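Thanks for coming. I will go through one structure today, starting where the two chains meet and then moving into one of them.

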Protein chains: 2
Amino acid sequence: MKVEIIAVGSELLTPSFQDTNSLRLTEGLNARGLEVSFKTIVGDDEPDLARALKTALGRARIVLCMGGLGPTEDDRTRETLAAVLGRRLVFRRSIRERIRARFKSRGLPMSASNLKQCYVIEGAEVLDNPNGTAPGLWLETGRHRIALLPGPPREALPMFENEVGPRLAGLGRGFSARREIRLTGLGESAMETRLKPVYDALPPAVNVTTLACPGDLAIRLTYAGAGPRTAAEALLDRVEEGIVRILGPWVYSRTGEPLEAVVGSLLKARGLTVACAESCTGGLIGHRLTEVPGSSDYFLESAVVYGDLSKTRRLGVPAALIDRHGAVSAAVARAMARGIRDTAGADIGVAVTGVAGPGGGTARKPVGLVFVALARERGTTVTRNLFLGGRAQVKFQSSQKALDLVRKVLTPAPERTYNKARTRL
Amino acid sequence: MKVEIIAVGSELLTPSFQDTNSLRLTEGLNARGLEVSFKTIVGDDEPDLARALKTALGRARIVLCMGGLGPTEDDRTRETLAAVLGRRLVFRRSIRERIRARFKSRGLPMSASNLKQCYVIEGAEVLDNPNGTAPGLWLETGRHRIALLPGPPREALPMFENEVGPRLAGLGRGFSARREIRLTGLGESAMETRLKPVYDALPPAVNVTTLACPGDLAIRLTYAGAGPRTAAEALLDRVEEGIVRILGPWVYSRTGEPLEAVVGSLLKARGLTVACAESCTGGLIGHRLTEVPGSSDYFLESAVVYGDLSKTRRLGVPAALIDRHGAVSAAVARAMARGIRDTAGADIGVAVTGVAGPGGGTARKPVGLVFVALARERGTTVTRNLFLGGRAQVKFQSSQKALDLVRKVLTPAPERTYNKARTRL
């Protein structure tokens, strides 16, 4: 059963807006064993919208259409679909009562423009919208299942989950099976080369997609075969194991969690605390660590020491050391990591100093040169990195490196050794 | 002349990937006075792809198709379009030489799989791809202009600019005219209500779209009429002025710049420095300020003082004050702002302390309660805010508020008064 998602709205055809609802809808469809074959984005223009709807009905059996159900003149999805299907629009008093009550609860009269939202395509069911005035519609014809949902995610997504999802039951495989492996410290092409044996032996029922940005890779495995759930899970387990056996040292998550969440769980599990000294990352490491709820359990503080003076005053980095080696140096990174660990009273101190660019680079210290250091009781380690990309990319990669250093010292050695031993094969 | 963009790739039909190339292509098309009417996303499945291409050729005159030009078996765009058009594929020796040279420059032999990239649809021009092996194609038929581009943005976007753009010359209006006004501190519906007089008098040649997230609003004006560039610019100026007259106090940019860049320019222009004390934002303010190249000129440091002890040790916030009022309080926010200003030796100190959630809220201090303070020579001000949304939204809104406080003290008073006076009308 082919599925098409249509996103309606002229703003979605500009350079600044993107349909993001469809990603969540796709997730919901996949969870029920339905795959999306086409996505269409079309504006408010009625003839264009009619064309898009006709095309979708011609090539898909399930059509989910979002947007264009509002009260304004350029909201034409309901009317256009009725015309395409050759069906009438029928006034529903119950919808008017609901909209009226909604307005009344805010002490407002119902606006006349909302009257058009009370019309329903003949034969359609009304889908309740608890977060807005626009009701959705569900229509089953001999060949098609069609859902109309409003555009705002806050309205559309709950309606999909509560109203559309249950109506799709039994149309798909009924379950989804997927895996997400995330890694850092390895380039995309190096990963591809290493994974060639896995890809060559990939069962046809497993799809692999890779999401790459400098500093982070995600490998997603999706089961796309028939068979029961147990067979799907077993197959995915096997492929996942094969990948982790090869890429183990770089893998930080097998559940799709971001690195800051993985580091957070490790710190929490061991009852340890961390503090950061950030120069070129400007606060990004602290920001990422504190995106995780409950991070106050292990994150003490971050000293964003952009100027040399702050490095000295906040962290006790000797001015002479900065003079001799420069602020971007292994020696200063070490001193920063030790300084933040000591002054914050943390178990682990991490520090970053580098040239984020675009200015400030020299032949000896080019843009992208970043020293990342980690201090703990046992001692201090420092890494020298040369990151490619613009300012934002350099900052992100630096934060990844810092978080990954923390992850590595917290990951039990046997596990890491095991993975390393296997890669040597 | 209707334009359709097709993005090809099965990964684009999963919940994790989004076609982003089309946004940049749209920008390039708009700049030439061409608007996009349809966007289609389709997988690697050949019959589906053939359907999508046929549909596009039926409803658009300009079709830009990205993806599926690679060397692997599931790259079928070239072959499928040839079949749809009923044209042959012809081997081009010159492409083979180019690919071979590319491999040779890396000391590698050309892989046999790349041979399929040497085939060209009969009658098509080859579009050079300096960043990859996949050449693009440009085809003009009686009715259509069709471009095939590879999927990776690094390859597709330069090819669009260098090869496709010039071939579109003369097909559109030849220029784009747009404006972007950004504001903070005002809700979306409050904005809509206030702008009603502007919308009611909007010239039909001007389109307005709004991009909203909690804490930030962008209003984009696009000229969509005929007429010459001067008329377009004059019309947009008029609408823009009308909006700024009403929303002045909340407008931080009339050029689409983010708030951190606006604040950076203001600090730089006045030769002033800033330092931050961040609790619930966790480093986000520093991160945002340092996303702007050259921020080391005015950004001294940020003390991410997550724990109470750090607030006392780093900023000299009296422990008794925290005991009495709690860490999330106006008194502590003030003390943090003064503390960071003094200890960092900055002209301006900003501080944030709040409950980001999801945990940690109480009846008296609920999730979303955030105090934002600003200290300067003249004195210290503090604001109490109750932000809605999840942890990330609360953090972002807090950082917006902090940056906007800085903006406001740096914006010349006459300008602000002017705007305020006008809103009263």
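Predicted model: local features only at pLDDT ≥ 70, side-chain atom pairs only at ≥ 80, totals over all residues.

Val305(A) has Glu301(B) as its bridge partner in S14(B). That pair belongs to an antiparallel pairing of S14(A) with S14(B), which runs over 5 bridges.

Now the contact between the chains as a whole. On the chain B side, 55 residues are in contact with 55 residues of chain A. Which elements of chain B give two or more residues to the side that touches chain A? They are helix H1 (21-31), strand S2 (36-42), helix H2 (46-59), S10, S11, helix H9 (284-289), S14 and helix H13 (391-410). By residue class, that side of chain B divides into 23 nonpolar, 22 polar and 10 charged.

Next, a helix that touches S14 from both chains. Helix H10 of chain B covers residues 308-315, and its buried residues are Ser310(B), Lys311(B), Arg314(B) and Leu315(B). Viewed down the axis of H10(B), the buried residues fall within an arc of 105°, so they line one face of the helix. What do the buried residues of H10(B) pack against? In chain A, the partners are strand S14 (299-305) and helix H12 (330-344). In chain B, they are strand S13 (274-278), strand S14 (299-305), helix H11 (319-325) and helix H12 (330-344). After H10(B) comes Gly316(B), with a positive phi near 70°.

A few overall values for chain A. Chain A has 14 helices and 17 strands. Its C-alpha atoms fill a box of roughly 80 × 55 × 40 Å along the principal axes. Of the 425 residues in chain A, 47% are buried. If we take contacts in chain A between residues at least 6 apart in sequence, 67% of them join residues at least 24 apart.

Back to chain B, and to its sheets. One of them is an open sheet of 4 strands in the order S10-S11-S9-S12, with antiparallel pairing. Strand S10 (206-213) and strand S12 (251-253) are the edge strands, each pairing on one side only. On average, neighbouring strands of this sheet are turned by 30° against each other, direction ignored.

Let me stay with S9(B). Is S9(B) mostly covered or mostly open? It is mostly covered, with 5 of its 6 residues buried. Strand S9 of chain B, residues 178-183, is joined to strand S11, residues 216-223, by 6 bridges, and the two run antiparallel. Within that pairing, Ile181(B) stands opposite Ile219(B), and Arg182(B) has Ala218(B) as its bridge partner. S9(B) is also joined to S12(B), again antiparallel, by 2 bridges. Arg182(B) takes part there too, with Ser253(B) as its bridge partner in S12(B).

Strand S1 of chain B, residues 3-8, has 6 of its 6 residues buried. Val3(B), Ile5(B) and Ala7(B) point one way from the strand, while Glu4(B), Ile6(B) and Val8(B) point the other way, and all are buried. Which strands does S1(B) pair with? One is strand S3 of chain B, residues 62-66, in the parallel sense over 5 bridges. Another is S2(B), also parallel, with 6 bridges. Ile6(B) has a bridge partner in each of these strands: Cys65(B) in S3(B) and Thr40(B) in S2(B). S2 is also one of the elements on the side of chain B that touches chain A.

Last, a helix pair in chain B. The axes of helix H8, residues 259-270, and H13(B) come within 9 Å and cross at roughly 35°. Is that crossing left-handed or right-handed? The crossing of H8(B) and H13(B) is left-handed. From H8(B), the residues that meet H13(B) are Leu259(B), Glu260(B), Val262(B), Val263(B), Leu266(B), Leu267(B) and Arg270(B). From H13(B), they are Gln400(B), Leu403(B), Asp404(B), Val406(B), Arg407(B) and Leu410(B). The residues of this contact divide into 8 nonpolar, 1 polar and 4 charged.

Technical notes: Residues numbered from 1 in each chain as written. Chains lettered and ligands numbered in written order. Buried ≥ 20, exposed ≤ 12 C-beta atoms within 10 Å, placed from the backbone. Arc of directions from axis to C-beta. Contact = placed C-beta atoms within 7 Å. Pairing = 2+ DSSP bridges. Axes fitted to C-alpha atoms, helices over the stretch in contact; angles between N-to-C directions. Nonpolar A, V, L, I, M, F, W, Y, C, P; charged D, E, K, R; others polar. Left-handed = near helix turned anticlockwise from the far one by under 90°.
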